[in-house]
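Please consider the following points on the helical geometry of this entry. They are set out for a reader who works from the coordinates.

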Amino acid sequence: MPNVIAINSAAKKHIDAARATSDETLLAHIAKNDRTSMHTLYARHNVRVYRFVLRMVRDTTMAEDLVSQVFLDVWRTAAQFEGRSQVSTWLLSIARFKALTALRQRRHEDIDQDDVLEIADGADTPETSLDRATTSEILRACVAKLSPAHREIINLVYYHEKSVEEAGQIIGIPQSTVKTRMFYARKQLADLLRGAGVDSVAA
């Protein structure tokens, strides 16, 4: 029994040490086929990556599959990470590329059509909307009605707390373009929120 306790204690120390390790160090270990580091990185980031992808593809099964693909890529290409951005930014870049590729393959190129249908289906009065949804739910619904480009910017900056520079790196556009999209996205979001009877949420 003491031996079992000692083994469990050693394993726990190894896991705790991995959890306290930076993402960059974890990637360096993953590049050397360290599965514990891979598990730690996955546990640390899989929920964020899943939510990011889900907002793009709007399909839970596809999102789950894409998350698996993202981390499989990380396992295969960890040695290629050059440290030019945060690991979380690199992960979302991979996730975005895979989500866009999947959307093209699914031949749902007219993504705006889905937005039009949502707007038509959600033609409730502000009172009805407020009765059946919380303010946060209304906010999410309004964000969903933004154009794909504007929705992407809002998701990265507000939901994933990425800086203008990091958002530009993920999408592959200049910082000035990120700022322009942010300006118009916030303006449109404010209009949508007012239309839904919500004036107190900052756009």
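1. A crossing counts as left-handed if the near helix is turned anticlockwise from the far one by less than a right angle, and as right-handed if clockwise. The crossing of α9 and α10 is right-handed. The contact (heavy atoms within 4.5 Å) involves Glu-152, Ile-153, Leu-156 and Val-157 of α9, together with Ala-167, Ile-170 and Ile-171 of α10.

2. The model is predicted: local features need pLDDT of at least 70, side-chain atom pairs count only at pLDDT 80 or more, and totals for chains, interfaces and linings use all residues. Residues are numbered from 1 along each chain as its sequence is written, and side-chain values use heavy atoms, with hydrogens and water left out.

3. Helix α9 (residues 148-159) packs against helix α10 (residues 164-171) at an angle of about 130°, and their axes are 10 Å apart. The two helices are therefore oblique to each other.

4. Helix α3 spans residues 35-57 and bends by about 50° at His-45; the bend is the angle between axes fitted to the seven residues ending there and the seven starting there. Just after α3, Arg-58 adopts a positive phi of about 55°.

5. Buried residues (under 20% relative accessible area, 1.4 Å probe, protein chains only) of α3 include His-45, Asn-46, Val-49 and Phe-52. Asn-46 has a relative accessible area of 16%. Not counting residues up to four places away in sequence, Asn-46 touches Val-67 and Phe-71.

Definitions and conventions:
Helix = DSSP H or I, 4+ residues; strand = E, 2+ residues; numbered from the N terminus. Buried < 20%, exposed > 50% of the residue type's maximum accessible area, 1.4 Å probe, protein only. Axes fitted to C-alpha atoms, helices over the stretch in contact; angles between N-to-C directions. Parallel < 35°, antiparallel > 145°, perpendicular 65-115°, else oblique.
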